[in-house]
Amino acid sequence: MQESSIQPKTVEMQQPEPKGKPRGKSPLQLALRRFFKNKMAIAGVIILAVVSFISIFAPLFISHDPLATDLYNTNAEPGGEHWLGTDDTGRDVFARLLYGGRISLIIGLVTMLGTVLIGAVLGALAGYYGRWIDALVMRLTDLVLALPFLLLILFVIAVLAETSLWILIITLVLVVWPQTARIVRAEFLSLREQEYVLSAQAIGCRDSRIIFRHMIPNAVAPIIVNATLLMGLMITVESSLSFLGFGVPEPTPTWGNMLNAARNVRILSSEPWRWIPPGFMIVITVLAINFIGDGLRDAFDTKSTRR
Amino acid sequence: MYQYILRRVLIFIPMLFLISVLLFTLVQLAPGDAFTGQLDPNQDARYYEEMRERFGLDKSPVEQYLMWGKNFLQGELGISFRHKLPVSELIGDRIGNTIFLGICAYILTYTLAIPLGIFSAQRPYSKWDYTLTGAAFVGISMPSFFAGLLLIFLFSFTLDWFPFSGTVTAGAGLGGMEAFIDKLHHVILPAITLSIINIAQYTRFTRSSVLAAKQQDFVRTAYAKGVPASVVLRKHVLRNALLPLVTLFGLDMGILLSGAVITETIFSWPGIGQLLVEAIINRDYPIMMAVTMLASFFVLLGNLVADILYAVVDPRIRYE
Amino acid sequence: MMMGLIRIRQNSQGGRKMKRKIFSLGLALVLGWTVAACNNQASPGGDGEDPGEPVDGGKVTMSMFSAPKGIFNPVFYEDQYDVYPLHYTFEDLWYYDKDLRLTIPGLAEKWEFSDDNQTLTIHLRKNAKWHDGEPITVDDLIFAWETIAHPDYTGSRLYMVEKIKGAEAMHEGEADELSGVEKVDDYTVKVTFEQAAANTLANLWATPIPKHVYEGMNPKEMVKADATKKKPIGSGPFQFKEIKPNEYVVLERNPDYYGENAHLDQIVWKVVSQDVAIGALENGEIDFLTQIAPEEFESLKKNENLTVKETQDFAYQYMGFNLTKEKLQDKKLRQAITYGINRKAMVDGLLKGHGTVLNQHMPQASWAYNEELKDAYPYDPEKAKKILKEAGYEDKDGDNFVEDPEGNPLTLTLSYPTGNPVREKSAPVIVQDLKKIGLNVKLDQPAEQGVFYEKVEKAEYELFLAGWSLTPDPDPSGIWMSTDQWNFPRWENEKSDELIKKAVLSKEAIEDQEKRKQIYAEWTELVSEEAPYVFLYSMNRIEAWNNRVKGVTFDWRGAIEDHNWVNEWWIPKDQQ
């Protein structure tokens with residue numbers, strides 16, 4: 001959301017293509033090469049990998065059940081049995097942090113995938129066929145984009161009246177897809193006039209083949225960049241929704257609803273073990289994803305060097 | 001140009017119409033209404049029947065929509081279920097606060113982000129640059145409610161520098177300049193909270209724009225002919241690098257309005273964001289509809305302003 | 001307004017997440033919040049030390065978690081925060097004493113019932129004035145009643161005049177005035193009711209509003225009038241000074257109060273979000289805080305600038321059984337579940353000990369509380385298992401969960417609404433407890449309150465968590481009669497209906513509270529045996545204030561609700 005509003009504007013002031021770049025490699029390889037030269041992006045990849053690993057394999061690191069309450073051991077300080085203490089129903093904060101990472105990453109990942117799927121298909125159809133399909137899709141995106149993002153999500157969640165992880169994810173997807181659709185469409189509009197597409201059409205390739213075999217692979221760069229940034233954004237949005245009371249409901253742990261403990265000024269000042277870990281995890285994960293997204297953008301953007 | 005603006009404004013009408021249909025449909029899909037959660041055993045069922053009738057909830061969806069639409073066009077945004085007051089009045093009471101907060105956030109964004117971005121771009125890949133870039137990334141990554149609470153904790157409770165709720169000091173009875181300063185004093189923390197993300201993004205944006213502009217041929221030429229660096233920066237680099245920033249002003253309307261929802265809630269800032277959260281919790285649909293419509297209108301307007309400004313600052317662009 | 005305050009808080013007691021709670025009028029019984037006995041010892045701030053002689057001056061700041069709706073009229077307000085300033089600015093006819101009886105005179109000097117208990121004569125005091133100097137007469141009282149009975153009145157207080165003769169006719173537009181009301185003179189009025197009842201006084205609207213200010217307006221205009229929104233004219237020890245919509249309300253001393261004038265110059269109510277209110281209290285930015293979550297208690301206690309008090313509340317949480325579902329119709333199963341839930345642990349863990357386990361509808365603070373039921377269902381998982389086994393619920397397929405007597409798998413679903421953090425936390429705890437006695441309970445996704453209660457009403461759930469907030473008058477009709485809309489378990493029992501009616505309408509109950517109590521004792525025991533609810537807990541009301549404020553009284557209704565001797569509050573000169 002935020003990123004994309006800036007993205008298109010940067011194009012005009014790009015620096016001219018650097019001279020003497022190595023030839024004979026595929027654009028993807030070149031991009032990867034550039035990507036791996038970017039220290040921040042590498043840091044992002046490593047952080048994200050570590051975070052994902054400990055979340056996915058949480059049971060290897062912790063034996064506590066993140067849902068097991070212990071009413072006689074609530075708000076315990078870190079140490080001993082509970083490494084990061086317990087929350088107000090006596091659940092192990094460390095276990096919730098690891099398992100919560102799963103949920104937060106699932107929200108980020110699934111929303112991103114859903115968005116990319118819907119956005120890419122609709123964007124591709126609109127960009128490829130043009131005419132009424134294009135008009136229809138574009139008006140739809142106009143419509144959704146004219147509604148402030150968070151307001152629309154709140155509206156939909158309020159209307160649904162029940163929240164769960166999947167309802168939340170579906171809502172997020174429904175609200176975010178237009179952005180991706182627009183990016184894909186713009187890409188397709190220019191690809192449509194490319195010679196290889198025209199010649200594919202001329203030899204009678206099926207449309208689906210042209211779209212999926214020829215055009216999508218060429219539009220993949222902006223999609224990936226957009227997708228990574230979206231993933232980071234979604235993790236932040238989940239925590240904001242938790243704050244407003246519309247996040248993933250208890251007892252399922254997410255970083256967002258754990259961080260919500262910090263809304264109480266007493267916990268903020270005297271029980272930092274309750275909020276520093278989830279806060280740190282959110283910030284560092286989103287940071288890592290943003291680094292990766294930024295790195296990818298620079299890497300795919302053949303006109304730019306490290307700026 | 002005027003024709004272009006006129007045409008764009010005319011497009012608002014079908015857009016807002018479609019948005020209203022979309023929102024109205026969503027509302028119709030919702031189970032229950034504002035009166036289902038309101039249980040008072042001393043009250044007979046008749047009361048709820050009467051209330052539903054009074055607010056037209058017993059009519060068919062199409063009838064309800066037509067009724068709503070007709071009133072909306074006449075400037076009547078409906079009656080709030082909960083407040084029992086015209087929604088226009090509720091919004092009117094609060095919109096000034098949201099606009100004030102928004103303007104302050106914009107001012108903060110531009111006055112902080114541009115110098116920081118330029119500063120960063122002047123010494124690329126230095127420690128300062130990395131620090132600022134890192135800070136900007138943290139700013140982007142931090143949920144704004146968390147940032148707001150940290151600010152309150154730090155600047156209100158620990159340092160006691162700024163107030164943490166309301167727009168003015170309660171019952172202080174200040175007037176004139178003092179009242180204005182009091183208001184500024186109150187707006188600082190909410191405005192920072194609201195603008196953190198934008199400050200971070202604009203800083204990064206300014207930095208990369210300036211860096212890119214510095215490598216343009218005409219800049220190199222200017223340097224080559226021996227124009228002083230500060231003049232080059234001012235006359236050539238900044239002028240070109242910062243033009244697009246102007247248009248972000250319009251494009252960020254949606255982000256700002258979304259942010260206002262959270263910021264106003266934390267700081268008890270009586271604006272339309274807070275009104276909306278309250279309405280959503282109460283399923284007060286007239287308010288939800290009106291505020292969301294208004295927000296959409298602002299977003300559309302923001303986009304238009306962005307496009308116009310773009311044409312104004314960049315003579316290469318012409319609208320027909 | 002005292003009688004008519006819809007208590008929002010209880011519904012979602014406890015918590016930090018006021019978000020939903022403030023705004024949703026949710027499940028609340030009406031609670032009359034009134035002054036208890038004047039002879040009730042005031043507990044001065046700063047325990048133990050001698051505060052010295054009261055002095056005038058100073059300002060007290062209070063917090064509201066959300067903005068008041070700005071309807072500052074006792075007849076019309078609906079928001080919790082509208083009523084707070086109204087407590088100090090509008091007087092009632094009479095107030096509750098410490099035994100929860102309406103015996104303390106307010107604007108009424110005395111009142112008496114006729115021998116048949118159907119007619120009430122009220123004598124107003126003659127020295128009370130409105131804030132604009134006009135005398136308060138029975139016209140103002142009758143005006144309040146007629147405003148509520150008016151066909152155009154859309155507020156929620158109709159039931160508080162409904163029992164007056166002729167109210168129905170007036171509400172239907174068939175009459176212009178209340179036939180049951182007879183003005184004897186400017187300070188005396190006779191009211192006749194449809195029938196005699198034990199709770200006539202408790203259910204009668206008792207707050208006059210200034211007729212001369214609203215003269216000639218119909219209720220629709222009254223709600224919007226300046227006298228409601230900008231400059232309300234009241235009768236209490238404080239009067240409105242400034243109202244800044246959505247931000248604050250400033251009250252100042254009423255120099256012409258009929259009682260002892262207030263010491264404080266001003267009371268300021270300002271909006272502070274609940275998330276920061278605790279910090280603001282500790283910082284001295286606000287002087288009073290109510291609705292404090294139990295986990296805050298200890299840390300506030302440690303702050304030597306604060307006085308922290310708690311009292312039992314007239315509210316409780318329960319788990320209801322939907323008796324229209326066949327699988328929940330076995331009383332034995334319901335009893336076993338009651339034994340199998342560790343409610344003591346909930347009070348200790350979730351409420352940090354600031355509450356009580358409850359076994360009946362009557363809160364412990366009520367005179368109708370039945371001592372006999374105090375320990376009716378102790379936590380006893382072994383006994384629970386035994387009852388289940390005896391009733392034929394056994395685990396035959398070895399999955400650790402019992403099957404029903406016919407041998408079919410038994411699965412129950414527990415549903416609960418959002419909005420009350422403690423209740424939300426209790427749901428998974430209940431599921432775990434029941435698992436220990438072999439019951440397979442699934443946890444439903446929490447639903448938004450409006451939707452939740454709609455489904456509860458339609459009897460769609462199986463097990464559900466909800467709460468009630470009660471009036472000092474113990475009459476349980478409205479939620480416990482077989483045909484009541486809010487009889488959520490759909491528990492139909494003739495005996496129960498009979499007892500509930502008898503406790504209000506029978507001559508013995510009207511004349512002797514002890515008799516009435518006995519009837520309720522019989523009724524609570526019946527409910528306990530049939531177990532349509534598992535009564536869970538009643539959370540204490542916890543309030544705290546800055547020690548600089550002296551002369552604060554804290555009793556069963558807390559420190560700041562109703563006008564609670566606010567005129568006695570004072571601040572030492574050096575702390576003003």
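Visitor: Let me start with residues 9–30 of chain B: what share of this span is helix, and how far apart are its end C-alpha atoms?

Guide: For a span like this, look at its make-up and then at its two ends. In this predicted model, residues 9–30 of chain B are 95% helix and 0% strand, and the end C-alpha atoms lie 32 Å apart. You can read residues 287–313 of chain B in the same way: that span is 100% helix and 0% strand, with 38 Å between its end C-alpha atoms.

Visitor: What does UniProt call these spans?

Guide: The UniProt record, an unreviewed entry, lists both under "transmembrane region".

Visitor: How many residues of chain B are in contact with chain A?

Guide: Take an interface one side at a time. Here 55 residues of chain B are in contact with 42 residues of chain A. Several helices of chain B each supply at least two residues of that side, among them α1 (2–29), α7 (176–214) and α12 (285–313). The residues on this side of chain B divide into 40 nonpolar, 13 polar and two charged.

Visitor: And where in chain C is the confidence lowest, and where is it highest, among the elements?

Guide: Here is the general idea: where pLDDT is low, the predicted coordinates should not be read in detail. Chain C has a mean pLDDT of 85, and 91% of its residues reach 70 or more. Among its elements, helix α1 (residues 18–23) has the lowest mean, 27, while strand β5 (residues 119–124) has the highest, 96. Over residues 1–48 of chain C the pLDDT is below 50, although this stretch has 179 contacts in the model beyond near neighbours in sequence. For the model as a whole, ipTM is 0.78 and pTM is 0.78.

Visitor: Into which domains is chain C divided?

Guide: Find the bounds, then see how the parts sit together. Domain 1 of chain C covers 82–231 and domain 2 covers 315–539. Their centres, taken over C-alpha atoms, are separated by 37 Å. Ten residues of domain 1 are in contact with twelve residues of domain 2. On the domain 1 side, the touching residues divide into six nonpolar, three polar and one charged. UniProt, again in an unreviewed entry, places "domain: Solute-binding protein family" at residues 104–485 of chain C. That span is 26% helix and 20% strand.

Visitor: Are β6(C) and β7(C) parallel or antiparallel?

Guide: Check the sense of the pairing, then pick out partners. Strand β6 (residues 181–185) and strand β7 (residues 188–192) of chain C pair in the antiparallel sense over four bridges. C:Val181, for example, has C:Val191 in β7(C) as its bridge partner. The two strands form a hairpin with two residues between them.

Visitor: Why do β14 and β16 of chain C each have one side without a neighbour in the sheet?

Guide: Write down the strand order and look at its ends. The open sheet has six strands in the order β14-β18-β13-β17-β15-β16 (chain C), with mixed pairing. β14 (355–357) and β16 (440–443) stand at the edges with a single partner strand each, so one side of each is left without a neighbour in the sheet. On average, neighbouring strands of this sheet are turned by 25° against each other, direction ignored. Inside the order, β15 (residues 411–415) and β17 (residues 463–469) of chain C pair in the parallel sense over two bridges, and C:Leu414 stands opposite C:Leu463 in β17(C).

How values were computed
Residues are numbered from 1 along each chain as its sequence is written. Chains are lettered from A and ligands numbered from 1 in the order in which they are written. This is a predicted model: local features need pLDDT of at least 70, side-chain atom pairs count only at pLDDT 80 or more; totals for chains, interfaces and linings use all residues. Two strands pair if DSSP finds at least two bridges between them. pLDDT is the predictor's confidence in each residue, from 0 to 100. Two residues are in contact if their C-beta atoms, placed from the backbone, lie within 7 Å. Ala, Val, Leu, Ile, Met, Phe, Trp, Tyr, Cys and Pro count as nonpolar, Asp, Glu, Lys and Arg as charged, and the others, Gly among them, as polar. UniProt positions are given in the numbering used here, feature names are shortened, and annotations may be inferred rather than shown by experiment. Axes are lines fitted to C-alpha atoms, for helices over the stretch in contact, and angles run from 0 to 180 degrees between N-to-C directions. Domain bounds come from an automatic or database domain assignment.
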